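Dear colleague,

Please find below the structure that I am handing over to you. My notes on what was found in it follow directly after.

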Amino acid sequence: MSFDRSIKIAPSILSADFANFGQEIQAIESQGADWVHIDVMDGHFVPNLTFGPMAVKAFRPHVKTVMDVHLMIAPVDPYIDAYADAGADVLTAHIEAGPHIHRTLQAIRAAGMKAGVALNPGTPAEAVAQLLDLTDLICVMTVNPGFGGQKFIDMTSKIRSLRSMIGDRPVHIEIDGGVDPSTAPLVAEAGADVLVAGSAVFKGGSVNDPDVYGANIRNIRDAANGVWA
Ligand code: DX5
Ligand code: ZN
């Protein structure tokens, strides 16, 4: 995984057909997805429940790009090795999920993965000030986590603060929640480079009609890059 700040689209398979993850992953990757975003929810840190390390391990052979695993679970530390074994490339933990995010990020890197830290909308940019050298990705939630298809919450001033705090460090800024062609330009202009999108990628398409995924991905990317068709 090399580092660059070009716009990367990371479809969230939370909006895929849950009975057909393998083909769904192949379809989005063949249609231009840069990363595959996997939302792990525990019914405790967030009110919804998705899948755990055994399912993520089963996704691994289908993911040819970057497997980006977003943990919405608490606690995190007891599960880090399981997600390393499942083959996560990036493992992101919420700063709100426990008192020891510093240790968690160290443990994620020690297990051989890129370490991400996610911030809920109510958490300020300054919360990561002491973590910038321990993290490879900061995920700015633009919805309260738990569900796909929610309305975008404007976090552009937080993104700008983070971009300036990061400076030259090789740290991605990822945006998660309500990203579509209308909101992508705002977050890209503020300094984000990884755009997660669930409903805006999967809407209207299917594994039998994957071109729709391609058009949706292209529309988000073009909007983020300031290309107006
Ligand atoms: C929300 C998840 C997101 C979600 C995004 O808790 O972390 O990744 O799937 O979905 P959309 O793009 O539909 O807001
Ligand atoms: Zn997510």
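Which residues of the largest nonpolar core touch the most other members? They are Ile13, Ile38, Val56, Val69 and Leu195, in a core of 72 residues. A nonpolar core here is a set of buried Ala, Val, Leu, Ile, Met, Phe, Trp, Tyr and Cys residues joined through side-chain atoms within 4.5 Å; buried means under 20% relative accessible area, exposed over 50%, and partly exposed in between, with a 1.4 Å probe and protein chains only. A second, separate core of 11 residues includes Trp35, Val66, Val143 and Val196.

Please note that this is a predicted model, in which local features need pLDDT of at least 70 and side-chain atom pairs count only at pLDDT 80 or more, while totals for chains, interfaces and linings use all residues. Residues are numbered from 1 along each chain as its sequence is written, chains are lettered from A and ligands numbered from 1 in the order in which they are written, and side-chain values use heavy atoms, with hydrogens and water left out.

The sheet

Eight strands form an open sheet in the order E1-E8-E7-E6-E5-E4-E3-E2, with parallel pairing. Strands (E, at least two residues) and helices (H or I, at least four) are DSSP runs numbered from the N terminus, and two strands pair if DSSP finds at least two bridges between them. E1 and E2 are the edge strands, each pairing on one side only.

Strand E1 (residues 8-11) is joined to E8 (residues 194-197) by four bridges, and lysine 8 stands opposite valine 194. Lys8 and Ala10 point one way from E1, Ile9 and Pro11 the other, and all are buried. In a regular strand the side chains alternate between the two faces of the sheet.

Aspartate 39 in strand E2 (residues 35-41) and aspartate 176 in strand E7 (residues 172-176) lie 137 residues apart, and the pair links distant parts of the chain. Aspartate 39 counts as buried because its relative accessibility is 4%; aspartate 176 is also buried, at 8%.

Yours sincerely
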